[in-house]
Amino acid sequence: IEDMEVEHVAPEGPDVAPVEEEPLFTNLDIFLFSLIVGLLIYWFLSRKKTEETIPEFKRLTPVVTLQRETSFIEKMKKTNRNMVVFYGSQTGTAEEFCGRLSKDAQRYGMRGMSADPEEYDMSELPRLAEIDNSLAVFCMATYGEGDPTDNAQDFYDWMQENDEDLKGVNFAVFGLGNKTYEHFNAMGKYTDKRLEELGGKRIYDLGMGDDDGNLEEDFVSWKEQFWPAVCEHFGVEATGDDTSIRQYELVVPTDINMNKVYTGEMGRLKSFETQKPPFDAKNPYLATVAVNRQLNQSGDRHLMHIELDISGSKIRYDSGDHVAVYPVNDVSIVNRIGQILDADLDTVISLNNLDEESNKKHPFPCPTTYRTALTHYLDITNPPRTNVLFELAQYATDPKDQDTLRKMASASPEGKGLYQSWVLDAQRNILAVLEDMPSLHPTIDHLCELLPRLQARYYSIASSGKVYPTMVSICAVVVEFQTSTGRTFNGVATNWLKNKVVVTDNGHKATVPMYVRKSQFRLPFKASNPVVMIGPGTGIAPFMGFLQERGWMKEQGKDVGETILYFGCRRRNEDFLYQQELEEFEKAGVLTQLNVAFSRDQEGKVYVQHLLKKNKEHLWKLIHTDNAHLYICGDARNMARDVQNTFYDIAEEVGGLTHTQAVAYIKKLMTKGRYSLDVWS
């Protein structure tokens, strides 16, 4: 567009400017005549050049190309597909499930393609009826408090705002959620219900995966029933061919320009060398580590406070936002995988999609080396999913190992039980699987094709953007435990962050690729509203930002309402996080009330919900009369649920409500944005 503007503007300069300057020239007629003639010739030539150039730009970006790129219908027709699988994915799991379904399609007489709804015009969904025996499948994850994932937001808005007729459109939905959250599988349920309301035909029941249980097992069980339903509906037959289907081909370039080889970048090549805003998931900012200190005084855990310097990045954040960091895998695991597979990890490779029409050309940035792929791009720490085990089985030379791997990938009760115990409960990662099955020797390129992408890790920001605009703080606990096989499981991101010393041995500053993700976890618009914050353990993180901001407001002379914190930890002398800062906030009057539950400092365990119960009269007054906002951050599985039940009790005991009324009352607070959750499981 800028080039186009230059082409239009450039010729005008010489044409107009001299006319304005005419009075400055000599009055000699001959000179004036020469000047006018010269200008006319120049104008004529420039005009001709412009007329020749403009059509070139039009040819470079023809409308047809844009239409083809956003039309999944045209793409399906062109590539002879009759099944499209859309994914709403935040951490990559729904995208992975989507890829597996589209890949499986050819085993069941269908021709599938996976698609990101963000990349296509979803208002074309009614046109799917134009394709014979067609089917749309949706793998939809629920994010946050019943929200769509970022890439499915536009599709969600379209479903809400439109009443298009989906008659003749066949669909099926698999939802990914977590039962510990209030709005379990909200996005999957809504998509399934709404598509039917619009006239679509559901060809198989809504599947609901529960990440608090066994998401993989839920998906495998669902698709075991889904495919026979597809065959029955369309009158097609399964091919019975269970052979491995490769999606990518290995290309080892002969003439290698190392400047064109990816070394860990998420999107643009060399983006870590030449940083350009805006910074996001595909273009993270390389922030320097300014502070890395241990928060706990003693105990067997390592709790840490890290500050990332974002000076000059133009990144803005608010209290309550999340910071995403891209971790790096443990080098010793990478080297050991290379050793077992007898692979040269420094070989430059490219894995190219065999489907040339696919928008996803590579499983990760290519060309790169095996070492970079295993270090930066692939998840080698979490237990492998069943599809990986199924595809790897062919490489086992021992028939028993082959059978075991295939059995674990099946939907049989025995296979599910074996996968649960041998892989999930034992926390076997891909390296442990290779070590414990010596006959298993897959090719390294196929392994790299099968492993899921290493995802960014999200942390609630522990600082205020108003008080510390150039610094983002993280509060985290290092994940480390012994597995039943005697191995040590180290959390990828927390161990990597723990080892980020401020200045490395060679004098360089340690860096972390990061970006900020906005959240709905916000302080009330009116500073005079009371705030009740409940955050045990590292759940205190966003409240450090809230307190800094409330203190800043107070300094500005604003009327700041009551600010109450309920914090919980094991022991006062062990893991009372930010004790000094909290006591200073209390002394300064920023923190009106500091309530700390030390669960193990006495005989009976005391948790935050017990302290809430103790102060029930005051809390009910704040909620019911003073328009207080409640915030809960931390563990979703137990703490958040227990706290919510405590508020039901308070509404019943002090407010005189029935249990049904109490539940409705808290739900209404949530709807009004006065009961906010930032929880994880």
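Y326 is buried, at 10% relative accessibility (buried means under 20% relative accessible area, exposed over 50%, partly exposed in between, with a 1.4 Å probe and protein chains only). Y515 is buried as well, at 8%. This is a predicted model, in which local features need pLDDT of at least 70 and side-chain atom pairs count only at pLDDT 80 or more, while totals for chains, interfaces and linings use all residues. Residues are numbered from 1 along each chain as its sequence is written, and side-chain values use heavy atoms, with hydrogens and water left out.

**Aromatic pairs**

The structure holds 27 aromatic pairs. Rings of Phe, Tyr and Trp (its six-membered ring) pair if their centres lie within 6.5 Å; planes under 30 degrees apart count as stacked, over 60 as edge-to-face and the rest as tilted. F155 and W158 have ring centres 6.1 Å apart and planes at 15°, so this pair is stacked. Both residues, F155 and W158, are buried. They sit three residues apart in helix 7 (residues 153-161), a separation of about one helical turn. Helices (H or I, at least four residues) and strands (E, at least two) are DSSP runs, numbered from the N terminus.

How are the rings of Y326 and Y515 arranged? Their centres are 6.2 Å apart and their planes lie at 40°, so the pair is tilted. Y326 is in the loop between strand 11 and helix 10 (331-340), and Y515 is in strand 18, so the pair ties together parts 189 residues apart in sequence.

One aromatic cluster is formed by F97, Y108, F174, Y204, F219, W222, F226 and W227.

**Charges over rings**

A charge sits over a ring if NZ of Lys or CZ of Arg is within 6 Å of the ring centre and within 35 degrees of the ring normal. R428 lies over the face of W422, at 4.0 Å from the ring centre. R517 lies over the face of Y458, at 3.5 Å from the ring centre.

**Salt bridges**

The whole structure contains 43 salt bridges (a side-chain nitrogen of Lys or Arg within 4 Å of a carboxyl oxygen of Asp or Glu). Three of them are tabulated here.

| E357 | K78 | 3.6 Å |

Take E357 and K78, whose side chains meet in a salt bridge. E357 lies in the loop between strand 12 (348-353) and strand 13 (368-369), and K78 in helix 5 (residues 72-78), so the pair ties together parts that are 279 residues apart in sequence. E357 is partly exposed at 33% relative accessibility, and K78 is exposed at 53%.

D321 is in the loop between strand 10 (303-309) and strand 11 (322-325), K518 in the loop between strand 18 (511-517) and strand 19 (531-534), so the pair ties together parts 197 residues apart in sequence. Is D321 buried or exposed? D321 is buried, with a relative accessible area of 0%, whereas K518 is partly exposed at 46%.

D649 belongs to helix 23 (residues 636-653) and K613 to helix 21 (residues 608-614), so parts 36 residues apart in sequence are tied together. D649 is partly exposed at 27%, as is K613 at 30%.

Salt bridges that share partners also join E74, K77, E124, R127 and E130 into one network.
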